[in-house]
Amino acid sequence: MDFALDDIHQMVQETARRFADSELLPIAAEIDKKGEYPAEKVKKLAQLGFLGMAVPERWDGAGLDNLAYAIAMEEISRGCASTGVIMSVNNSLVCDPILRHGNDEQRAKFLKPLARGDLLGCFALSEPGSGSDAAGMRCEAIRDGDHYIVNGTKNWITNGKEADICVLIAHTDPSERHRGISAFVVDRRESPYGIGKVEDKLGIKGSSTTSLVFDNTRVPVANRLGEEGAGFKVAMSTLDGGRIGIASQALGIARIAFEEALAYSREREAFGKPIGDFGAIREMLADMATEIDAARLLIWQAAIGKDNKGRFGKHSAMAKLYASEMSARVCHKALQIHGGYGYVKEYNAERHVRDARITEIYEGTSEIQRLVIARAVQQELVAGAR
Amino acid sequence: MIELQPNDAERAVWEKAAQYADTVLAGRAAAHDAGKFPEESVADLAKLGLLGIKSPVEYGGLGCSMVAYVGAMRAVARRCASTAVTMAVTNMVGDMIALFGNEAQKNTRLRALCGGDYGAGAFALSEPAFGSDAAGLQCKAVRTDDGSAYVLDGSKMWITSGDRAGIALVMARTSDASKAGGITAFLVDPKLPGFGVGRAEKKMGLRGSTTVALHFEGMRVPASDVLGSEGMGFKVAMTALDGGRCGIGAQAVGIAEAALQAAVQASAKRRKADKTAGTDQLSGFRIADMATRLDAAWLLVLRASSMLDAGKRATREAAMAKVYATEAANFVAQKAAEMAGPEQLRDDSIVGRALRDVRVSRIYEGTSEIQRLVIGRELVRAL
């Protein structure tokens, strides 16, 4: 048994860490303040191969694996949570389903430029009236010859404003629930759709979150991912992988919050000694560090599970549930350690609290993760009882 | 290269322990819980090699790893926590002889320990007035004028198997010149005169394992029974605890796992009978939290163990594993009790027993508070 990273993964970690230190940490507060999309940084991520990390070189990806992706996501999100989610969506929610469910033609046309970072992707599943209950969606894609005609609105779309390519999940047979759903790659340049409301959010303000409006948008049949009716499966398996990315994002946010709190606890003095020498502060820091490590191990377990092509849905749900709630706890404590300074924007502690919060919601709320885990555990422990 | 699976030898140890625990120990656990010392089971463990999992093969051990050990510990604790703690301390004493002992000690004492000749082993560090502050211990060992022996005077407290063990690893003060540096470790033979066993504690859990005070009154211990050298005792104790903490973490995971399984099965049964709206989802949510924390706990235990196997310093990681695993396990046992229904709160039920057995894991081999202190110290040290 070995928990130490090999050379390749260490190199990925160091590269990502250096990039975060030099390029992201200096700008994270500013892009949060301005709500500005970090276009230049995303371009540089592309040059590092970080926008298609687990995509084979054959399809212009970095040819790495999901463990490398998780490691890089942690480091990048430590530098800037907004940049982290932009990267996560392109890797997990766009490249991954096209790689797994697309045909070679689709891979050549869409996956290659997405993995290179020439194009940016978004993933459209949720709607104004359906989130966790994804099968309750209303958006329709009705076949018309060699096209589908798409009508409906998608909500909470990360990268919605900047994306050129959208992986869209829609009903092709509205009379069915799960089985009537299909997945598509929509190229906004060929099949224009509208960008609706741009959300004003609590955190991750450097990434855009928009609604997408499809009004008789024509999508070629050749752009369908997998069979008609297979879309729900495509969506769910995509989210299984996406959760590894979001868990890593949550972990990265917790890391920076913790590191800043630890440093602050050594600098700030009270009653004649650093506050970090007091039991109460030290206990908080010890718990933060322990939970951070626990989350990372859960994430690695899930990522390795995906790399080994085994069943990893339970593990990725555990990683996402634990890491996101851990991140909220850690950021909360980090703010507390800073006292009043934690509450003002001169320090970063309050931003980390805001950035961490969404990780408990998107790509499956904590409640959905618990349902997924409970189902798996019940099946394991009550063999044959159902 | 990251590898989260045990190797073949380790897996074989895990499976051997699980097989024994599931088929034999499970049937004896209730009797042990009622107060019967697991003498027979400890003898069985010796035959299986499970009293010296890490000890070298040439001295009767399995010559395997910490990873093998924690997997076996988890499997045994799943069925009988009393047997598990007896096994844990015995292995710990053996590990210290293997690590710090001379050839003669390994040939005689370690061989006897692994082979089951001693029954269990005991580890005597705490005293009535010194627990977490171990370096302050007061039990005295004064070297005789001719240098052939030490005379032990003082008391030890909370000694697992202290009245049963054929060998006790005793930490005593040989010098007042230095606090931690004045402590020496002895391999004490309890049959020698001057060794007294005090009151047996009546405990909340782990009732099959004994916990006693030890009293030394002018007890002569041969100088050849010093483990390592004079003044090295604190190092021996702390080394033992780094490994011990992984073991206790694994024990806690095992106990909690049994509780989780019992609770899930009980709630599945109830679900068939009772369709009250919402209860289904609520118990599902609890199950998810319990299983997630146990998974994280087990990974932390494995990480610290694998680092120790690789010869790395793992003080921080072992402390993290211990505090996280034992607190997660207590959480799981509590939630299991809430979910499982009244019959699982009987004293002799699996969940009821787990609830009682698991509590001490947050206290012995370093309280949660001490683990956090250790982690905090290591965090600052790494800055």
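Colleague: Which rules on numbering and confidence apply?
Modeller: Residues are numbered from 1 along each chain as its sequence is written, while chains are lettered from A and ligands numbered from 1 in the order in which they are written. The model is predicted, and local features need pLDDT of at least 70, side-chain atom pairs count only at pLDDT 80 or more, and totals for chains, interfaces and linings use all residues.

Colleague: Which helix gives the largest share of the side of chain A that touches chain B?
Modeller: Contact here means C-beta atoms, placed from the backbone, within 7 Å. On that basis 34 residues of chain A are in contact with 33 residues of chain B. Helices α7 (231–267), α8 (279–307), α9 (313–338) and α12 (366–381) of chain A each supply at least two residues of that side. The largest share, 13 residues, comes from α8(A).

Colleague: How many residues on that side of chain A are nonpolar?
Modeller: Ala, Val, Leu, Ile, Met, Phe, Trp, Tyr, Cys and Pro count as nonpolar, Asp, Glu, Lys and Arg as charged, and the others, Gly among them, as polar. The side of chain A that touches chain B has 7 charged and 4 polar residues. Its nonpolar residues number 23.

Colleague: How far apart are the C-alpha centres of domain 2 and domain 3 of chain A?
Modeller: The bounds come from an automatic or database domain assignment. Domain 2 of chain A spans 122–229 and domain 3 spans 233–381. 10 residues of domain 2 of chain A are in contact with 8 residues of domain 3 of chain A. The C-alpha centres lie 30 Å apart.

Colleague: Is A:Asn216 buried or exposed?
Modeller: A:Asn216 sits in strand β7 (residues 209–220) of chain A, and has a positive phi of about 55 degrees although it is not a glycine. Buried means 20 or more other C-beta atoms within 10 Å of a residue's own, exposed 12 or fewer, partly exposed in between, with C-beta atoms placed from the backbone. A:Asn216 has 9 C-beta neighbours inside 10 Å, so it counts as exposed.

Colleague: And B:Ser161, buried or exposed?
Modeller: B:Ser161 lies in the loop between β3 (149–160) and β4 (167–173) of chain B. Its phi is positive, about 65 degrees, although it is not a glycine. With 27 C-beta neighbours inside 10 Å, B:Ser161 counts as buried.

Conventions: Contact = placed C-beta atoms within 7 Å. Helix = DSSP H or I, 4+ residues; strand = E, 2+ residues; numbered from the N terminus.
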